[in-house]
Amino acid sequence: MTTKAILLTKSDDQFAARVAELSDEELRAATPGADVTVAVDYSTVNYKDALALANKGPVVRRWPMVAGIDAAGSVLESADPRFAPGDRVVLNGWGVGEQHWGGLAQRARFKSDWLVKLPASLSTRQAMAIGTAGYTAMLCCLALREQGVEAVDGEVLVTGASGGVGSIAVSILAGWGYRVVASTGRTAEASFLSALGASAVIDRAELSSPGKPLQKERWAGVVDSVGSHTLANSCAQTRYGGVVTACGLAQGMDFPATVAPFILRGVRLIGIDSVMCPQPRRQDAWQRLAADLDRSKLDALTSEVGLAQAIEVAGALLAGKVRGRVVVNVNA
Ligand code: NDP
């Protein structure tokens, strides 16, 4: 039996991304320590996948690599009694698609400790419509709530709002009753963002250039997937005692800010990591996603492609041309 997968290769600095047919022996030999084999239904293209598929940025740390930091499907075989054939599972992160063979494949082998059992009400397609982007959005939203930001406290800003993390964060926060202001470079997407629940849409140019250390106080909370000046300005505009969650770097990895918002307004900056996030926290996030995320909004922000097309999607995503989330049907 063979498995179709997106294989990334590099030799003599020559990079290639292609759909390859892998034998069982190859899959097993390349996944030492994996104790669960999964029949993958869907994967997705996250920002990090796009970097790997387009050979931009140092995502892949072992060659050849099967791409895909996410997967959702059913267990075929498990050496761990916690998982039985037929169990529906979701995998996010843990270095999969970076140093362990990934989820853009019809079959994948993972360590059981990495897997989350999919909540009964979510299909494998919905799980990948959420993907690492949506699960990270939930980690940000949970952090805002745990840090005490309540709907009555005022507006919450979501940056990179038309992207994967941003669009799902808008949906979650609006569903929880927050007044969400969506920042986007695609103001033509204002009606899309309003349909997800944004109460206002601002042009990201308002946040993306160098700004003053302290600005007019506006945000009770922020979900930032953009970094750089956008994150610095978001902190500078956050109200006294407000909370900023930082999870991304779509504008840049730099953080050209001052300490003023933190020491003069008691603003809290909370870092969010999805990759090595401990199991109880990720299970909690997935349960909350299953319970709280509006499925009609999720459908509205999701598009679908087949395995080979994932490679083309990468370029479009990095060019900021993908709206919301893309699921990959690995069997199409
Ligand atoms: P997307 O590409 O789907 O969305 C990113 C969005 O950022 C774009 O849609 C765009 O939104 C905005 N953007 C892009 N370029 C710029 C720019 N130069 N200046 C300002 N805004 C820009 O990616 P994801 O939502 O999947 O991921 C977003 C970020 O979060 C990435 O950096 C990713 O690496 C990070 N991430 C981090 C995780 C973690 O564990 N910490 C997990 C998941 C993602 P618009 O068009 O609306 O302006």
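These legends describe close-up views of a predicted model. Residues are numbered from 1 along each chain as its sequence is written, and side-chain values use heavy atoms, leaving out hydrogens and water. Local features need pLDDT of at least 70, side-chain atom pairs count only at pLDDT 80 or more, and totals for chains, interfaces and linings use all residues.

**View A. Strands β10 and β11 pair in the parallel sense.** β10 covers residues 180-184 and β11 residues 200-203. Four bridges join them; pairing requires at least two bridges found by DSSP. Helices (H or I, at least four residues) and strands (E, at least two) are DSSP runs, numbered from the N terminus. V181 stands opposite A200 in β11. From β10 the chain passes through helix α5 (residues 190-196) to β11, in a right-handed β-α-β crossover. Right-handed means that, with the strands pointing away from the viewer, the path from the first strand over the helix to the second runs clockwise.

**View B. Helix α10 and its buried residues.** The helix spans residues 309-318, and its buried residues are A310, V313, A314 and L317. Buried means under 20% relative accessible area, exposed over 50%, partly exposed in between (1.4 Å probe, protein chains only). Seen down the axis of α10, these residues fall within an arc of 115 degrees, so they line one face of the helix. The arc is taken from the directions from the helix axis to the C-beta atoms. The buried residues pack against β1 (2-11), α2 (47-53), β15 (302-306) and β16 (325-329), where contact means heavy atoms within 4.5 Å. G320 follows α10 and has a positive phi, near 70 degrees.

**View C. R82 forms salt bridges with D80 and D113.** A salt bridge is a side-chain nitrogen of Lys or Arg within 4 Å of a carboxyl oxygen of Asp or Glu. The closest N and O atoms of R82 and D80 are 2.7 Å apart. R82 is partly exposed at 45% relative accessible area, whereas D80 is buried at 10%. D113 also meets R82, at 2.7 Å, N to O. D113 sits in the loop between β7 (107-110) and β8 (116-117), and R82 in the loop between β5 (70-78) and β6 (88-92), 31 residues apart.

**View D. K117 forms a salt bridge with D87.** Their closest N and O atoms are 3.8 Å apart. K117 lies in strand β8 and D87 in the loop between β5 and β6, so the pair ties together parts 30 residues apart in sequence. Both are partly exposed: K117 at 42%, D87 at 22%.
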